[in-house]
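I'd like to walk you through a structure, one region at a time, so please have a look at the screen.

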Amino acid sequence: MKNHQIRARRAEGSAVSAPEYAVNCLNVDIILAKGRSDVRELSVRLYTSAYRLMGVAARQASSSKAIRTWHFEVSSSDAWTGGTYRAFVYVNGVPSWKADLFLYTGEGIDSSARLESLEPSSPEMLFAGRLAFRSWWPVLEGFHLDEDFIVRFMEQIRLFTQNIETKTWASVPPLQVTGDADWAERFASLVLVPCVKEEWGKECVLTEVSGADDDMLSLHLLERVCYLVGAHIAPDTVFVFHGATLTMEWLNADYYPYFSLFENEDTCFRLPETLLTERKTEPEGFSPDETEMPEAAEVQDEERKPALQRLEEMVGLSRVKDELLEACAMALFTRRRKELGLEVSAENRNHFLFLGSPGTGKTTVARLIGEIYHEMGLLSRGHTVETNRAKLIGEFIGQTEQKTCAAIAEARGGVLFIDEAYTLVHEDDSRDFGKEVIHALMTVLSEPNPDLIVILAGYEMQMQALFRLNPGLDSRFPLRLHFDDFTSDELTEMARHLLAERNFELSEAADVRLAKLIEKAVLHKDEHFGNGRWVHNLVEHGILKCMAKRVMALPLSTESSELFRQIEETDVAGAEPAFLYENAPKVALARRIGFTA
């Protein structure tokens, strides 16, 4: 073999063997054309075609022997769906190779691609070596921009960086952001401003272009800013103009004194208006759980209800509901005492520990807590930022702290939810970067009024072990919610609800069979039982698959809406072997250092 190769396959049974926060696992092999003894560490980062991070994995060599095949298990909280992924491979922390890896939709099919060297001046090298680790890049991901825009954006940043470093430009020309007015303003302030500061070390001046002829003050200010740009009075400052597409066209074409300032198309960032206008309808920070996908009209009805009411309507969780109501009452009581001048302490800390097994509703409740505390006036925004070890741990010194601080900044005004938090620190690995996450968190946990709720979630015993390794951490979390496993009746109710949301109906015999199946599963469960996640998989990947096989085997002449709606007892029975008599789940092993040949 003359070329380096990357090979990938979805891990079978990853839903039970991967960490709780990353139920989707991809087995990846890096096969070198010839073993290299100088490779001390190899890491791989996988992104979607639009450069959204999916997962990271790293391995260190345990000897000086040349290794050809390096094996990785890349875990992700998102599903590895079919399509193209961008792979970047780092040798001893240096970005070295890239590949476009196409994953097939079928399970058990290997995907492979040739690894190509990263050209020093290419946009891909700029991304792999710098942009991917910038604090503002995850913010860019939140705009849900398409691949074409991201690729052009990186090429623009590469061109600007090259011209600045080679001193081709005496000063950076003014930049434009066009599209929907609100999103253009967000892009300019949340992406371009930190980009300009971090990449080029320059300050920014933002100028809104409203295009209102009767607003003389705005026109005067716009004229003064354009004069500063044209006269090169502030060469170390980058001027960014943003506005709706029509108003920016007005500035370029009709505002004749200064239209020549914006002749270069490379300095214009054109946001896709249609896409961003549609995105406006989604609440900020909203990310639907895979087990809860009602119709759009039903989602809007749910959104109108107070968050506490939606919590009360959730199946089970009686202990959580009682404990959370007590916490809310105490928070309101303390605030009222402050308003009356009775409270001496100025602290307003409401950080939580979520203790319980996987699939017990921790992520959903975390999202509701952000909304609840916002509705009580204790959080300024109420959104939720969900993260985990895979998204926080960096690959070199200082990167973990940078990622953690970026997550904290993004979560300000809402909730920072860290799932399976006990995986952050490994007791037997002094070189693990997880300690940097804890150190970065301690700063915000010490703030008296952080406008932020930090939630750590995981198994109770493992969380206690985390606190033994970090004695000062325990006292920072005054509030604790205990998520008990669901009973068989609660899981049955959950399954019926999932089916009803999808417009399915259980026959009487199928309903009885489903209740008995779940009762048996709960009776023989172990500590790895997935609770609500198990029910979701039972419905989606068991019962409905069996139903589809039965219905599609019938003659087409028998088609009817009832046939495609009613679930029969045989459909439930067909799912039993895989979900009731399956082998015991595999335990997620501790992170390994080394390689497999």
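Predicted model: local features only at pLDDT ≥ 70, side-chain atom pairs only at ≥ 80, totals over all residues.

Let's begin with strand β14, where both faces are covered. On one side sit F352, F354 and G356, on the other L353 and L355, and all of them are buried.

Which strands does β14 pair with? One is β17, residues 453-458, in the parallel sense over four bridges.

Now for an antiparallel case. As a quick reminder, strands of a sheet pair through backbone hydrogen bonds, and they can do so in either sense, parallel or antiparallel. Here we have an open sheet of five strands, and reading across you get β4, β3, β6, β7 and β9, with antiparallel pairing. The edges are β4, at 53-60, and β9, at 116-117, each of which pairs on one side only. Strand β7, residues 94-103, is joined to β9 by two bridges, and K98 stands opposite E116 of β9.

Stay in that area for a moment, as there is a nonpolar patch on the surface made of F102, Y104 and I109. Together they have about 290 Å² of accessible area. Y104 is in the loop between β7 and β8. Is Y104 buried, partly exposed or exposed? With a relative accessible area of 41%, Y104 counts as partly exposed.

My last stop is helix α5, residues 181-200. Where does α5 bend? The bend is at L192, by about 30°, and a proline, P194, follows within four residues. Both L192 and P194 are buried, and so are other α5 residues, including W183, F187, V191 and W200.

The two ends of α5 are worth a look as well. At the start, a side-chain oxygen of D180 reaches to within 3.2 Å of the backbone nitrogen of D182. After the helix comes G201, with a positive phi near 65°.

Technical notes
Residues numbered from 1 in each chain as written. Heavy atoms only, no water. Bend = angle between axes of the 7 residues up to and from the residue. Buried < 20%, exposed > 50% of the residue type's maximum accessible area, 1.4 Å probe, protein only. Polar contact = N/O pair within 3.5 Å; in protein donor to acceptor, adjacent residues only side chain to side chain. Pairing = 2+ DSSP bridges. Patch = residues over 30% accessible without salt bridge, like charges linked within 9 Å, V, L, I, M, F, W, Y side chains within 5 Å. Areas by Shrake-Rupley, 256 points an atom, 1.4 Å probe, with all protein chains shown as cover. Salt bridge = Lys/Arg side-chain N within 4 Å of Asp/Glu carboxyl O.
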